[in-house]
Amino acid sequence: MEHETAKRDSTYDAQAARQQVSQLAGEGNEAKASVDVKPAPSSLEAGNRADRETRANAGPEAGRAAAGPAGEMASAPSRHRRFGLTTFDIKMIGVVLMVVDHVHQMFASQGAPNWLDWFGRPVATLFFFVSVIGFSHTHSKRTYMVRLYVCMALMGALDFGLQQVVGYDGAELVNNIFRDLFIGTLFMAAVDCFEAAFKKGGNGESAVSDVDVRGGDGRIGSVHGVGDRAAESAAATGGFDTDSAAMYAGAHAGGVTRGFRVRKTLEGLLLFALPFVLSLALLPFMAQANGTESGAMLWTLRALTVLDPAILLAENTVMVLLIPVMYALRNVRHGRIWQCVAIAVVAALYALAGQTQWMMVFAVIPILLYNGAKGRGDKYFFYVFYPAHIAALYVLASIL
């Protein structure tokens, strides 16, 4: 009976895996990928075999690719990383600083000191860094992006609704960090396309990986011809990162074809240009609705400010470009240092312009202390806390 159950589980897993790969291989015959899944003979034997074969086949590069922005293994258990800050810790530092900054925003007209604003200058940079980590290691980048877009739209609607219902003139609600983060995911997806298009391996050498990994249920899964990046991601997460596999399957099953390079390059350019193109499309509506108290044009503009991921509407505008820069540096040698250098360069530009945003440079302190561990879960805490505290502070300021 146990043998029959294991056989059925193996057949089901193989069918599910092949169904995933049928979507990953892309259209046409540019690339082929397959995934074979076989049941582990026992949980102990499965663990030992997976550990041995993953280390033997993945090689030293797998550790770096599956690591965090500076090369630390993101999948390492947090109990072994006692020193330093986890992703959760950095996020909470950003949350505390953000609340102080928003207290100044809401109560500035009532005498809140301007120096409270200083605390908020590193916040966006910290959230950008956390977003790079999240996008790098999420199981589904598409789901990650959809979730951010939905939050962006809901936050935009909340800002508009609060101003209409409460009508507090002491602060203008333009707070929507979700728009910045969603635009950042478009840029990061573009970087993924460029990396897939220009990844080495066009001659077929070292372009195909064959790595056995152990899933969460103890079974052994073999990734064949899906590409080293997808295999390394599978080894790091203990499962199959379908989005990474989809990105790299066509590129690494027997070498990168010219058609694949062109297609991925065009996709990357489109994704990168989209927030700028949407900004240009917004300008005519802004010009015509200027000074208009009512009418279809004004309501169209309001709808666009809620739904349009234009970089012109981003809370931090062009500073959002830090996200793809940090993402592109995530796996290079001494990547964390280079990320901090990029932050320092942007801070220097703000300093030359005489803006207090130069204080964003202090974000490098917790970033350098990042230990590569995830820390506590609380996956949806920020998605709830951010709009809730904005609304609470806005209503409180209007009452006082």
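User: How many residues does α14 have, and what span does it reach from its first C-alpha to its last?

Analyst: Keep in mind that this is a predicted model. Helix α14 has 19 residues and reaches 27 Å from its first C-alpha to its last, close to the 27 Å expected at 1.5 Å a residue.

User: Which residues of α14 are buried?

Analyst: Start with the general idea. An α-helix has 3.6 residues a turn, so residues three or four places apart point the same way. In α14, the buried residues include Tyr383, Tyr386, Pro387, Ile390, Ala391 and Tyr394. The buried residues of α14 pack against α3, α4, α5 and α6.

User: At what angle do α5 and α14 pack?

Analyst: Their angle is about 10°, and their axes lie 11 Å apart. Angles under 35 degrees count as roughly parallel, and α5 and α14 are therefore roughly parallel to each other. Among the residues making the contact are Leu148, Met155 and Leu162 of α5, together with Tyr386, Ile390 and Tyr394 of α14. By type, the residues of this contact divide into 12 nonpolar, 1 polar and 2 charged.

User: Now the cysteines. How many disulfides does the structure hold?

Analyst: A disulfide is a covalent bond between the sulfur atoms of two cysteines. This structure holds 0 disulfides.

User: Are Cys193 and Cys340 buried or exposed?

Analyst: Buried means under 20% relative accessible area. Cys193 has 2%, so Cys193 is buried. Cys340 has 9% relative accessibility and therefore counts as buried too.

Definitions and conventions: Residues numbered from 1 in each chain as written. Predicted model: local features only at pLDDT ≥ 70, side-chain atom pairs only at ≥ 80, totals over all residues. Heavy atoms only, no water. Disulfide = S-S within 2.5 Å. Buried < 20%, exposed > 50% of the residue type's maximum accessible area, 1.4 Å probe, protein only. Axes fitted to C-alpha atoms, helices over the stretch in contact; angles between N-to-C directions. Helix = DSSP H or I, 4+ residues; strand = E, 2+ residues; numbered from the N terminus. Parallel < 35°, antiparallel > 145°, perpendicular 65-115°, else oblique. Contact = heavy atoms within 4.5 Å. Nonpolar A, V, L, I, M, F, W, Y, C, P; charged D, E, K, R; others polar. Expected span 1.5 Å × (residues − 1).
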